[in-house]
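I opened a new notebook page for this structure. My plan is to look things up one at a time and write down what I find.

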Amino acid sequence: MTLTKLNLIAGDWLAGESEIENRNPSDLSDLVGMFTQASADQLDATLDQARIAQAEWEAFGPERKQAVLMAIGTELMSRAEELGTLLSREEGKPLAEGKGEVYRAGQFFTYYAAECLRQIGENADSVRPGVEIDVRREAVGVVAIISPWNFPTATASWKIAPALCYGNAVVWKPANITPASAVALSEIIERQDIPKGLFSLVMGSGRSVGQRLVESPKVNAISFTGSVPVGKGIAAAAIQNLTKVQMEMGSKNALAVMDDADLDLAVTLALGGAFGGSGQKCTASSRLVVHAGVHDAFVEKLVAGAQAIKVGHALEAGVQMGPIVSEQQLQENLAYVDLGTSEGAELACGGQRLEMPHDGFYMSPGVFLNSTNDMRINREEMFAPLTSVIKVASYDEALSVVNDTNFGLTSGIVTQSLARATHFRRNARTGVVTVNLPTAGTDYHVPFGGRGDSSYGPREQGKAAAEFYTTVKTAYISAGTPV
């Protein structure tokens with residue numbers, strides 16, 4: 001009999017009102033585990049305890065906080081193989097990617113461990129004589145974190161680590177598709193020297209627990225990563241309480257390939273950006289904007305590369321692309337394949353459900369040709385191993401197509417021209433721009449976020465995270481005249 005994994009409610013591991021099962025998308029006969037679902041009453045209880053714990057935690061000295069975050073990060077990195085295997089088993093990304101994600105999650109914690117000791121304020125003289133000014137950042141309070149399934153450990157960590165670093169309490173609602181990784185991370189955090197109830201895990205459905213969480217006046221800030229419709233719903237709920245929000249949502253990232261590009265490099269970047277993580281990345285290269293001068297040669301290499309990608313069980317050696325995360329996601333992906341062909345795009349390869357030795361949600365990587373930027377497959381986020389080639393006649397047209405989107409997360413250019421690279425870097429309307437690099441892949445010590453429908457609120461990661469996880473206090477001091 002499988003032991004049900006519990007929620008961390010007000011500092012205690014507790015069963016909820018129901019439970020769900022979690023199966024391996026690479027092999028549906030593999031039951032990863034059973035996971036409890038929080039009740040509304042449990043959510044209220046943990047929010048009450050979080051407020052008490054937060055006041056205690058904020059009063060901890062910086063070295064004590066630093067030690068906690070360093071311990072979490074060090075354990076994640078040392079257990080990257082074990083926890084990466086668990087992540088790949090439940091989410092479906094190849095094992096190398098799973099291990100890399102857990103290790104990177106550890107680096108988020110060790111980075112913010114150091115930031116605990118670098119929280120330096122500002123001071124100034126007032127325009128009034130004899131008055132000094134002290135400006136400092138203080139914790140915002142109780143932070144609700146709602147994280148996605150595509151990077152279940154890394155995305156959660158880049159939210160949890162700065163939240164704790166800056167003195168906040170955390171109530172975490174992870175995606176229900178990947179609860180095993182959430183429990184594993186929560187167990188590591190709960191073992192540390194932190195006040196009871198400072199960190200909570202509330203697994204549950206978005207419609208019940210998630211909605212109640214974002215509507216609660218007991219929450220001071222909400223950090224969310226997910227879809228645009230859900231993000232807009234969260235913002236509408238949060239504004240009722242004037243709750244601070246930070247949201248990373250959809251994308252439609254473009255990689256522009258110029259006629260002077262190193263074609264082998266361009267194809268490698270496109271394949272990795274489009275099909276890494278089965279295309280289930282907010283930074284995926286879903287639009288390939290290719291100059292007419294190299295279009296045919298690029299397409300030939302691209303299609304051959306896509307056909308050569310080894311799809312299979314996430315834990316098998318040599319596998320380059322694992323399964324889709326769920327049956328629902330797979331069906332949505334296949335519907336986009338039908339949509340693209342109905343719009344007039346040519347499906348050059350892939351885009352099919354695959355029968356494999358294991359019963360799972362497998363799909364071949366697909367490439368659309370002869371697509372235009374007004375097609376829905378180039379306007380909507382597909383979150384699938386699908387990419388579209390858009391032919392353009394010039395650099396100017398390429399930049400125009402790159403910017404012609406409601407989104408604005410990442411964009412990239414492949415060129416050997418310094419002038420084009422510089423102009424693109426300055427004029428691409430995205431929060432992240434890459435030159436001769438994939439659109440997917442970011443560092444943890446610098447800001448991350450986008451424009452338009454991609455992001456709302458302060459940036460994540462690096463020192464920029466302080467803008468969201470703290471509030472500024474300006475103090476005026478008149479000490480008088482010494483006698």
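Before starting, I noted the cut-offs: buried means under 20% relative accessible area, exposed means over 50%, and partly exposed is in between. I also noted that this is a predicted model.

**Entry 1**

I looked up Tyr444 first. Its relative accessibility is 23%, so Tyr444 counts as partly exposed. Tyr111 has a relative accessible area of 14%, so it is buried.

I then turned to the aromatic pairs and found that the structure holds 10. How are the rings of Tyr111 and Tyr444 placed? Their centres are 6.0 Å apart and their planes stand at 65°, so this pair is edge-to-face. Tyr111 sits in helix H4 (residues 95-115), while Tyr444 sits in the loop between strand E19 (432-435) and strand E20 (455-456). The pair therefore ties together parts that are 333 residues apart in sequence.

Tyr111 and Tyr444 belong to one aromatic cluster with Phe108, Tyr112, Trp158, Tyr166 and Phe448.

**Entry 1: a tilted pair**

Next I took Trp172 and Phe199. I have this aromatic pair down as tilted, with 6.2 Å from centre to centre and 50° between the planes. Trp172 lies in strand E9 and Phe199 in strand E10 (residues 199-201), so the pair ties together parts 27 residues apart in sequence. Both residues are buried.

**Entry 2: the cores**

I met Trp172 again in the largest nonpolar core, which has 75 residues. Trp172 is among those with the most contacts inside it, along with Leu69, Leu76, Phe109, Ile160 and Ile222. Which helix gives this core its largest share? Helix H6 (residues 179-190) does, with seven residues.

Leaving out residues up to four places away in sequence, Leu76 touches Leu83, Val102, Ala105, Gly106, Phe109, Ser157, Leu185 and Ile188. Another core lies apart from the largest one; it has 28 residues, including Leu263, Ala270, Leu271 and Val389.

I checked the length of H6. At 1.5 Å a residue, its 12 residues should span 16 Å, and the end C-alpha atoms are 16 Å apart, which agrees. H6 is mostly covered, with 10 of its 12 residues buried. Leu185 and Ile188 are among the buried ones.

In helix H7 (residues 206-215) I listed Val209, Gly210, Leu213 and Val214 as buried. Seen down the axis of H7, these buried residues fall within an arc of 125°, so they line one face of the helix. Their cover includes helix H1 (40-58), strand E9 (169-173) and helix H8 (228-239).

Key. Residues are numbered from 1 along each chain as its sequence is written. This is a predicted model: local features need pLDDT of at least 70, side-chain atom pairs count only at pLDDT 80 or more; totals for chains, interfaces and linings use all residues. Side-chain values use heavy atoms; hydrogens and water are left out. A nonpolar core is a set of buried Ala, Val, Leu, Ile, Met, Phe, Trp, Tyr and Cys residues joined through side-chain atoms within 4.5 Å. Buried means under 20% relative accessible area, exposed over 50%, partly exposed in between (1.4 Å probe, protein chains only). Helices (H or I, at least four residues) and strands (E, at least two) are DSSP runs, numbered from the N terminus. Contact means heavy atoms within 4.5 Å. The expected span of a helix is 1.5 Å times one less than its number of residues. The arc is that of the directions from the helix axis to the C-beta atoms. Rings of Phe, Tyr and Trp (its six-membered ring) pair if their centres lie within 6.5 Å; planes under 30 degrees apart count as stacked, over 60 as edge-to-face and the rest as tilted.
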